[in-house]
Every structure is written in C-alpha cells, then in structure tokens.
Amino acid sequence: MKKLFKLMMFNAPLRAEEGAEGADGGGSDKSADLAAQVAALSAQLEELKKAHSAPANPPSDADKLRAELEAKKQKEAAVARLQEAIKFNLGVADFVSANKDYLGKLAEGLVRTVNEKQFSDEERKAAATKKNLLEDFFSLQENMDAAPAELKPRILAFKALADDEKDKQAADFWDTLTLTVGQKKLKAQVEAAKRARAGHYEETNDLIKDYNAKVFAKASKYTGEKEQTK
C-alpha cells in the first residue's frame, strides 16, 4: 500500500500537466497514457491486496504443542483464581469476626454491603471486598505504623492507585493487610506475656495454686495409704 501511495504521488504532477495539455486540444495521447498508468496502478493494488491477504505458513507441530500448553496453563490459572475467590468469599466473614479487634470498625459492615450487591462472577466480588477492607484498614495511621517496614512501599502504591485499578489489583495487595494483622496480633501477645510475667494475670496464679493443691492432696493420700500398710 505504501508503494502504491508513492507511485500515485510521483505521478501527480504528470497528471496535472496532462490535464493542462488536454485543455488546449493536444492531450488525447496523454489521456491514453494516463489511463494506462491508472490501469497499471490498479493492477499493482490488486497484487498488494493478494500479498497482504495471503495465508501465513501453517504452524509446525512444535508451534501447535506450545499453543496447547499455553492454553492449558491459562485455563488452570483461571480455575485457580476462581477457586481462591470462592474460598475467600465463603470465609471472609469469619476472618473479619476473628480479627475484629485488629481491623477497622467498618470491616463487618463493608463485608455485608458487598454481599448485598450483585456481581457477574466470584472474582469480582472478592476483589470488591478486598479493596474495601484494604482501604478502610490502611486509612488508619495506627495500621500504617503497625505494618512491617518492607510492606509500606506496597501499601503506599496501593493507596495511590485509581479506584478502578484498586479493584483490579486488590488481590495482589491483600497480603499487606493479613501480614499487618499478624504483626498486630504478635505485638499484642508479647505485651500480654509481659503483663503475665509481672503478675497481672491472677487467673494464672490461681491455676497454679489449684494444680499444686491437687498434687499435694494426691501426695498426702499416697503417704497416708503407705503408712497404713506398714
């Protein structure tokens, strides 16, 4: 097509001259030449069309096998994504309930809101839930501070995304929330252990006392029985 365009542009001045000569009555031969040139250009155009529409070389057996393997890989990945989305949607309410002390106050309400909507597939529903929970969780500075240092660049990258991109990429950032929740839990456990060592958990002492009393009672009974057998 580019060749044809160049030929037409090259012959444009010629056609203009031929038209001028024909105006004064001496251009009949030139008109015939122009018609011949147009016919030649039309023939070239047809050749170019044929070359452009000619079928490519048939794929080799290796090409076919690679295409089949790639199609299988993509299908397996799609099935895995769907299974993961279904698993998440079924378990997210329990996850929020179990971690309500570490998530934002809106978490349970956000899950209910998503469940009340209609989605074309499970993946879109899971993405909407993850996006909402991520946005709510990291809107609190205390959670940003609690996040492991290596996660903070990714958290900031998620917050900088456009709204539709957050929907598309929420699954890729979900671990930033779960790992931060784990970090907050670990910190709470360490603080609880410190309080226990300082004697703040009276129930722990009561359990120890109860255990010692039972052991002592068993020991006394055994000693008394042994004395009676002598």
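Which residues are buried in α3?

Author: A note on the basis of the answer comes first. This is a predicted model, in which local features need pLDDT of at least 70 and side-chain atom pairs count only at pLDDT 80 or more, while totals for chains, interfaces and linings use all residues. Residues are numbered from 1 along each chain as its sequence is written, and side-chain values use heavy atoms, with hydrogens and water left out.

In α3, the buried residues are Ala85, Phe88, Asn89, Val92 and Val96. Buried means under 20% relative accessible area, exposed over 50%, and partly exposed in between, with a 1.4 Å probe and protein chains only. Helices (H or I, at least four residues) and strands (E, at least two) are DSSP runs, numbered from the N terminus. The buried residues of α3 pack against α4, α5 and α8; contact here means heavy atoms within 4.5 Å.

The course of α3 may be described next. The helix has 38 residues, so at 1.5 Å a residue it should span 56 Å, and the 54 Å between its end C-alpha atoms agrees with this. The expected span is 1.5 Å times one less than the number of residues. A kink of about 50° is centred on Gly91 in α3, the bend at a residue being the angle between axes fitted to the seven residues ending there and the seven starting there.

Val96 also belongs to the largest nonpolar core, which has 23 residues; together with Leu103, Leu133, Leu134, Phe138 and Leu177, it touches the most other members. Such a core is a set of buried Ala, Val, Leu, Ile, Met, Phe, Trp, Tyr and Cys residues joined through side-chain atoms within 4.5 Å. The elements giving two or more residues to this core are α3 (61-98), α4 (107-115), α5 (122-137), α7 (152-160) and α8 (163-197). The largest share, five residues, comes from α8. Leaving aside neighbours within four places in sequence, Leu133 is in contact with Val92, Val96, Ala107, Leu110, Val111, Trp174 and Leu177.

Helix α8 also holds Gly182, which counts as partly exposed because its relative accessibility is 34%. Gly182 and Asn99 are 83 residues apart in sequence, with their C-alpha atoms 9.6 Å apart in space.

As for the whole chain, its secondary structure comes to nine helices and zero strands. Buried residues make up 20% of its 230 residues. Among contacts between residues at least 6 apart in sequence, 63% join residues at least 24 apart.
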